[in-house]
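Please look through the model shown here, beginning with the whole chain and then moving to single residues.

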Amino acid sequence: MNISNNIMCEGKLTADFQFYLFPITYVLVMVFGLLGNLGALYIFIFKTEQRSPSSVYILSLAMADTCFLCVLPFRIHYHLNDNHWIFGAVTCRLTGTLFFCNVYISIAFMSCICVDRYVAIIHPHTYLRLRNTRYALAVSACVWVVGGTVILTFMFTSPDMHDIEEKTSCFENFSESEWKTNLAPYSAFSLVFGALLPTIIILVLYPVVARRITRIKTKTARNALRIIYTILAITVFCFLPYHLVYLLHLLWRTQVIHNCSLADGIYKARRVTMALVSMNSLLDPVLYYFATSHCKLTCKWKPLKPKNKRGVYVISESLQAQ
């Protein structure tokens with residue numbers, strides 16, 4: 001009875017606005033996101049002499065965003081073609097997997113930056129002892145290995161394409177059996193470990209850091225405060241709505257929610273939040289590079305080549321530049 005309920009609901013789910021929303025959003029994200037992320041990659045790889053833990057995380061974040069942005073043309077064509085996929089199963093799996101990979105890898109590295117800033121502000125003496133890029137490289141490697149293993153497992157075991165009414169859908173319209181055997185366990189795991197824990201870290205630690213920084217009446221502190229507020233805004237605007245709606249989507253697909261009107265609302269909201277979460281690739285370079293004074297700091301101090309600047313100066317620099 002529950003299964004037939006979901007099948008009956010599926011025929012009533014509509015969101016025609018998605019055929020305009022996704023192409024417009026993805027084009028904007030792809031064009032401006034590629035410019036920002038490629039620019040950030042160039043700066044941090046070729047122009048930055050002194051590595052810091054945050055710069056390592058930013059580099060990884062920009063790499064994840066760039067991989068996602070490079071496959072967006074396929075998704076744009078898919079939605080412009082009335083959600084009909086013509087590029088084959090391999091490309092479908094690759095583009096669909098990279099979408100979810102970008103979401104969870106991005107929020108993971110944002111959490112790493114959050115913890116790094118928390119230690120720098122709340123425990124500055126400990127931070128000075130641990131301020132070594134080797135730790136950041138090890139953490140980044142762990143994120144890539146763990147995240148990559150989960151994503152690759154999902155990529156090779158999950159369903160991909162379905163033929164519905166002379167159209168081939170890609171990474172959507174999965175059957176009840178596919179949700180029970182593959183998608184529900186992956187979704188629950190991703191929501192808990194890939195979304196809930198990193199979001200708690202960001203939403204709990206960053207306000208603590210912001211409260212401490214408000215006591216410091218300097219330009220550097222004001223810049224750091226703006227960066228923190230931007231990170232919180234990106235989490236609330238891009239990631240939180242997506243995961244909340246995805247939880248409701250999972251509850252409907254696993255037959256916890258049966259009401260068709262509610263299911264239709266969830267279906268529409270999911271389209272909107274999928275467009276919103278893709279915008280993190282557009283906002284990341286603004287947040288981690290252009291919205292900071294990193295370029296200004298490098299250009300200003302590089303010709304002077306300051307030496308023996310340690311202690312409080314290092315903490316202040318890290319707040320301003322990262």
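The model is predicted. The protein has 322 residues, and 48% of them are buried. Its secondary structure comes to 13 helices and two strands.

An unreviewed UniProt entry lists residues 20–44, 56–76, 96–115, 135–156, 183–206 and 227–252 under "transmembrane region". Two of these segments can be set against the model. Residues 20–44 are 100% helix and 0% strand, with the end C-alpha atoms 35 Å apart. Residues 227–252 are likewise 100% helix and 0% strand. For this segment the end C-alpha atoms lie 37 Å apart.

Which residues make up the nonpolar surface patch of about 710 Å²? Tyr20, Ile24, Val27, Leu28, Val31, Phe32 and Leu35 form it. Ile24, one of these patch residues, has its place in helix 2, which covers residues 18–47. Ile24 has a relative accessible area of 53% and counts as exposed, because the cut-off for exposed is over 50%.

The charged pairs come next. The count of salt bridges comes to four. One of them joins Lys167 and Asp82, whose closest N and O atoms are 2.0 Å apart. This pair links distant parts of the chain, 85 residues apart. Lys167 lies in strand 2, and Asp82 lies in the loop between helix 4 (72–80) and helix 5 (89–122). Lys167 is partly exposed, at 31% relative accessibility. Asp82 is partly exposed too, with a relative accessibility of 31%.

Another salt bridge is made by the side chains of Asp116 and Arg117, at 2.6 Å from N to O. Are these two residues buried or exposed? Asp116 is buried, with a relative accessible area of 9%, and Arg117 is buried as well, at 4%.

A further salt bridge brings together the side chains of Arg271 and Glu172, with an N to O distance of 2.4 Å. Arg271 is in helix 10 (residues 260–278) and Glu172 is in the loop between strand 2 and helix 8 (176–213), so the pair ties together parts that are 99 residues apart in sequence. Both residues, Arg271 and Glu172, are buried.

Glu172 also takes part in a contact with a serine. The side chain of Ser169 reaches the backbone oxygen of Glu172 at 3.4 Å. Ser169 sits in strand 2 (residues 167–170), the strand that also holds Lys167. The relative accessible area of Ser169 is 3%, and because this is under 20% the residue counts as buried. What does Ser169 contact, leaving aside its neighbours within four places in sequence? Its partners are Tyr78, Asn83, Asp160, Met161, His162 and Ile164.

Notes: Residues are numbered from 1 along each chain as its sequence is written. This is a predicted model: local features need pLDDT of at least 70, side-chain atom pairs count only at pLDDT 80 or more; totals for chains, interfaces and linings use all residues. Side-chain values use heavy atoms; hydrogens and water are left out. UniProt positions are given in the numbering used here, feature names are shortened, and annotations may be inferred rather than shown by experiment. Helices (H or I, at least four residues) and strands (E, at least two) are DSSP runs, numbered from the N terminus. Buried means under 20% relative accessible area, exposed over 50%, partly exposed in between (1.4 Å probe, protein chains only). A polar contact is a pair of N or O atoms within 3.5 Å; within protein, one must be able to donate a hydrogen and the other to accept it, and residues adjacent in sequence count only if both atoms are side-chain atoms. Contact means heavy atoms within 4.5 Å. Patches are made of residues with over 30% relative accessible area and no salt bridge: like charges are joined within 9 Å, nonpolar side chains (Val, Leu, Ile, Met, Phe, Trp, Tyr) within 5 Å. Accessible areas come from the Shrake-Rupley method with a 1.4 Å probe; for residues, only the protein chains shown count as cover.
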